[in-house]
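Please read the following briefing alongside the sequence and the 3D structure.

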Amino acid sequence: LHVRSRRQRQMCIRDSSLYMALTNMDHSIRSHAGISPNLGLRVFIDPAATVIGNVTLGNDASVWPGAVIRGDMHSISIGCRTSIQDNAVLHISHASDFNPGGWPLVIGDDVIVGHGVILHGCILGSRVLVGNGAIVNDGAVIEEEVIVGAGCVVPPGKTLPGGYVYVGNPCKQLRAVTDKERQFFIYSPANYVKLKDQYLAEIGL
C-alpha cells in the first residue's frame, strides 16, 4: 500500500487530472474547501512535503522534504523554476475586520527559498535568494534580485528594494548585490531544475 500511494503521488505531479481522481487517496497533495493545488509542467513535490488547497506551482518548480505549503485561507502562487527547500513553511493571512484583504503569498520565478524559511503572507519578486532560517512576515515586499541572509527577519509591511543584500533581526541593508551574485540568481534555480529532473527520472516520470 505504501509503494502504491507514493507512486500515485508522483503520477499526480505529472497529470493534474489524475491528481483530481486520486486526491482522496493522497495525503501530501490535497484539496481544502473544494480547492485543489494547481501544478504546472514537470513540477516535483517530494512525498515527504505537504501542499494543501489554493496553491499554484509554476513549471519546473520543486518542493523538497518536510516543506509545508498551506493555502487554506488565502492563495499561494509560486513561480517557474522556484525551489522550496526542506522544512520551509509557507502560509497566508485570511481576510478579516483587522485586514479586509488578507495577505496572500506570491513568489516570483527563479527564487530559492532556503531550508527552514518561514514565508507568511508576503510578496517576493523574481530572482530572490532567501537564506536558511529567514522569516518574512505579513505584508512584506521583497523586490527582484535580492539576497535575504540566513536567519534574517523581515518585519510586517517592510519593503526591501531590489538589488541589495539584507541581514539581521530586524533586517537591514548590507550592500549592493554583486555581478557574480546576479549570475547565481539564474544558476541556482537551474541547478535545482536539473536535480528535481533526476528525482523524477528515478521514478520513471
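**Briefing on the predicted model**

Leucine 105 is found in strand β9, where helices (H or I, at least four residues) and strands (E, at least two) are DSSP runs, numbered from the N terminus. This is a predicted model, in which local features need pLDDT of at least 70 and side-chain atom pairs count only at pLDDT 80 or more, while totals for chains, interfaces and linings use all residues. Residues are numbered from 1 along each chain as its sequence is written, and side-chain values use heavy atoms, with hydrogens and water left out. There are three helices and 20 strands in the protein.

**Burial and the nonpolar core**

- Leucine 105 counts as buried, because its relative accessibility is 0%.
- Contact means heavy atoms within 4.5 Å, and leucine 105, not counting residues up to four places away in sequence, touches Ser75, Ile76, Ser77, Leu90, His91, Ile92, Leu119, Gly121 and Cys122.
- The C-alpha atoms of leucine 105 and isoleucine 92 are separated by 5.9 Å, although the two residues are 13 residues apart along the chain.
- A nonpolar core is a set of buried Ala, Val, Leu, Ile, Met, Phe, Trp, Tyr and Cys residues joined through side-chain atoms within 4.5 Å; the largest one has 39 residues, of which Ile84 and Leu119 touch the most other members.
- The elements that give two or more residues to this core are β4 (50–57), β6 (68–78), β9 (105–107), β13 and β16 (146–148).
- As general background, nonpolar side chains tend to be buried together in soluble globular proteins.
- Leucine 119, leaving aside its neighbours within four places in sequence, is in contact with Val89, Leu90, His91, Leu105, Ile107, Val113, Leu124 and Val136.

- The structure holds one cavity of 30 Å³ or more, a cavity being a set of points, on a 1 Å grid over the protein atoms alone, where a 1.4 Å probe fits but cannot get out, and lining residues having an atom within 4 Å of a point.
- About 40 Å³ of space lies in the largest cavity, where grid points are joined across faces, edges and corners, and a volume is the space filled by probe spheres set on the points.
- This largest cavity is lined by Asp110, Ile112, Val128, Leu129, Phe184, Phe185, Ser188 and Pro189.
- Both β13 (128–130) and α3 (179–202) supply at least two residues each to the lining of the largest cavity, and α3 gives the most, with four residues.
- The lining of the largest cavity divides into six nonpolar, one polar and one charged residue, where Ala, Val, Leu, Ile, Met, Phe, Trp, Tyr, Cys and Pro count as nonpolar, Asp, Glu, Lys and Arg as charged, and the others, Gly among them, as polar.
- Aspartate 110 is found in the loop between β9 and β10 (112–113), and this residue counts as buried because its relative accessibility is 10%.
- Aspartate 110, leaving aside its neighbours within four places in sequence, is in contact with Cys80, Arg81, Thr82, Arg127, Val128, Phe185 and Pro189.

**Cysteines**

- The structure holds zero disulfides, a disulfide being a pair of cysteine sulfur atoms within 2.5 Å.
- Cysteine 171 is in no disulfide, and the nearest cysteine sulfur, that of cysteine 152, is 4.6 Å away.
- Cysteine 171 counts as buried at 9% relative accessibility, whereas cysteine 80 is partly exposed, with a relative accessible area of 23%.

**Backbone details**

- Most residues other than glycine have a negative phi, and most peptide bonds are trans.
- Aspartate 60 has a positive phi, near 65 degrees, in a residue other than glycine; aspartate 60 lies in the loop between β4 and β5 (62–63) and is buried, with a relative accessible area of 12%.
- Arginine 81, which is not a glycine, has a positive phi of about 65 degrees; arginine 81 is found in the loop between β6 and β7 (83–84).
- A cis peptide bond, with omega about 0 degrees, joins asparagine 169 and proline 170, and proline 170 is found in the loop between β19 (164–167) and β20 (172–176).

Definitions and conventions: On a 1 Å grid over the protein atoms alone, a cavity is a set of points where a 1.4 Å probe fits but cannot get out, and a pocket is an open set with protein on both sides within 12 Å along at least five of seven lines; lining residues have an atom within 4 Å of a point. Buried means under 20% relative accessible area, exposed over 50%, partly exposed in between (1.4 Å probe, protein chains only).
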